Amino acid sequence: MSSTTATVVNEIASTLPADDTHPYRTGAWQPNHREWDAFDLEVEGQIPADFEGVYLRNTENPIHPSIGIYHPFDGDGMLHQISFADGKASYRNRFVRTDGLRLEAEAGEPLWTGFYDIAANSKREDGWGARGRMKDSSSTDVIVHNGVVLTSFWQCGDVYQLDPFTLAEMGKAPWASQFPSPTGVSAHTKLDEHTGELLIFGYSTSEPFMHYGVVDAQGNLVHAIDVPLPGPRLPHDMAFSENYAILNDLPMFWDPAMLEFGAHVPKFHRDLPTRFAVVARRGTTEQIRWFEADPTYVLHWINAYEEGDWLVLDGFFQHDPAPAKQEGTPKGMSLYRTIDVNRLQARPHRWRFNLVTGETREESLSDRVMEFGMINPNIAGRDYRYTYNMTGTPGWFLFDGLVKQDVRTGTEERYAFGDGVFGSETPFAPRPNATAEDDGYLVTFTTDMNRDCSECLIFDATRLSDGPVARVRLPERISSGTHSCWTPASQLGPRS
Ligand SMILES: [Fe+2]
């Protein structure tokens, strides 16, 4: 019998209309405005005895209506956290109290326009983001580095720090303000668990347009270089192998003609190649080597590793990065076709770069549309076999299933959440003293529209299609969200 104690510790005053009809602020995307502490959560099944650590997920969770068009990447950051110890689970959620959130709270209204509007319509002259005059909502990524939770924003900005157990605010990461990129740090940083290093990049509209850096295991910025690009670009992610960092210049960037008029309109340039910058992890700007491949856009990379003279890079190749409007799309939804992985036709793909001859080869790794791939973090940057990817609900930025893919044999195993149930990006949690790459667990949050609730599901990664070994009930239904991470107890300090 459950002895859950769940307490609302704070409720944020939202100015969203009670009768909101926006597709990304209602239903599975209905934002949460209550902050909870809940202990000894109700469990169906059994939390594995060796499953100890913290699962965190970031969420675009708006407090105010938008000035113009709302895009789900604009929403204020909210972290949902569940921690496991001694076979029990506790849950917390907190807004990421960014500078932008505080200023809008004081004003009682939105102050900045989002992705789908123009900078000139923002009420403030200042702001963040590669576009400028945006709110850094820190709602995109979440990782744990050096025992501290870090949240970040897709169009670059500050990096906010929180306590992994209590989600107490810990200010901004000092290394991010030292990074020479004028816009700050892009959402996707990369953690190498072998060295404890965090690899980072940032992009902007001023030369050299991109910077790359290394933060050491203790949180010091120890390396930063320019990565000169031909113009402003919109990279989202980077990759690394044991010895190299891989940045990218993808032919999806703001239309230069529209930029002249202050409008930031992403355009896919089908006549331009995809370019990859390969540089030793502590290398110089002069040592960057460029490789070219077929034009595409890649939102997320999966992994990279070295194999003799070759550098292998896996990621999700978009076969249609700029999908056209479709007849029959429900009213108001056509705008959001570029966040539907099915319309983008994003599929696992492998690039190989020969570091001796400069040759590039590429091949598709699957016919299935998938994105948001996770791997065993212990083998990041090294040869690997398994990736755990999300499948998307057609027409939406929602996840309807989870696929374990063997990239060596091509075998795929899928778990479907079921109609009306949506999952989250699902990290792999290695079992302590694991004996195989897939010896561990998969962990995700759901938004269940049928039962009006949310659960945390834990799967045995070797038996995905059997379904979860445990379902842990959260105190209320949570909005669908974005990136997530798992951090084992061994990488965290004592509970505060
Ligand atoms: Fe992302």
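Residues are numbered from 1 along each chain as its sequence is written, and side-chain values use heavy atoms, with hydrogens and water left out. Because the model is predicted, local features need pLDDT of at least 70 and side-chain atom pairs count only at pLDDT 80 or more, while totals for chains, interfaces and linings use all residues.

Q: Which residue in β2 is the bridge partner of Glu11?
A: Strands here are DSSP runs of E with at least two residues, and helices are runs of H or I with at least four, numbered from the N terminus. Two strands pair if DSSP finds at least two bridges between them. Strands β1 (residues 5-11) and β2 (residues 34-39) run antiparallel and are joined by 6 bridges. Within β2, Glu11 has as its bridge partner Arg34.

Q: Which residue in β6 is the bridge partner of Ala38?
A: Strand β2 is also joined to strand β6 (residues 88-95), by 2 bridges, and these two run antiparallel. The partner of Ala38 in β6 is Tyr91.

Q: Which residue in β28 is the bridge partner of Leu402?
A: Strand β27 (residues 399-406) and β28 run antiparallel, with 5 bridges between them. In β28, Leu402 is partnered by Tyr415.

Q: How many residues apart in sequence are the parts tied together by Glu109 and Lys123?
A: A salt bridge is a side-chain nitrogen of Lys or Arg within 4 Å of a carboxyl oxygen of Asp or Glu, and the structure holds 36 of them. One of these joins the side chains of Glu109 and Lys123 at 2.9 Å, N to O. Both residues lie in the loop between α1 (99-107) and β7 (141-145), so the pair ties together parts whose separation in sequence is 14 residues.

Q: Is Asp237 buried or exposed?
A: The side chains of Lys190 and Asp237 meet in a salt bridge of 3.3 Å, N to O. Lys190 is in strand β11 (residues 190-192) and Asp237 in the loop between β14 (221-226) and β15 (239-240), 47 residues apart. Buried means under 20% relative accessible area, exposed over 50% and partly exposed in between (1.4 Å probe, protein chains only). Asp237 has a relative accessible area of 3%, so Asp237 counts as buried.

Q: What is the relative accessible area of Arg471?
A: Arg471 forms a salt bridge with Glu455, with the closest N and O atoms 2.8 Å apart. Glu455 is in strand β33 (residues 455-460) and Arg471 in strand β34 (residues 470-473), 16 residues apart. Glu455 is buried at 4% relative accessibility. Arg471 is partly exposed, at 23%.

Q: Why is the pair of Phe51 and Trp486 given its class, and which class is it?
A: Rings of Phe, Tyr and Trp (its six-membered ring) pair if their centres lie within 6.5 Å; planes under 30 degrees apart count as stacked, over 60 as edge-to-face and the rest as tilted. A search of the whole structure finds 30 aromatic pairs. The ring centres of Phe51 and Trp486 are 4.4 Å apart and the planes are at 15°, so the pair is stacked.

Q: What is the angle between the planes of Phe84 and Trp486?
A: Both Phe84 and Trp486 are buried. Their centres are 6.3 Å apart, and the pair is tilted, with an angle between the planes of 45°.

Q: Which ring does the charged end of Arg233 sit over?
A: A charge sits over a ring if NZ of Lys or CZ of Arg is within 6 Å of the ring centre and within 35 degrees of the ring normal. The charged end of Arg233 is 3.6 Å from the centre of the ring of Phe253.

Q: Which residues is Glu104 in contact with, leaving aside its neighbours within four places in sequence?
A: Glu104 lies in helix α1 and is buried, with a relative accessible area of 2%. Contact means heavy atoms within 4.5 Å. Leaving aside neighbours within four places in sequence, Glu104 is in contact with His64, Asp76, Glu109, Pro110, Leu111, Trp112 and Lys135.
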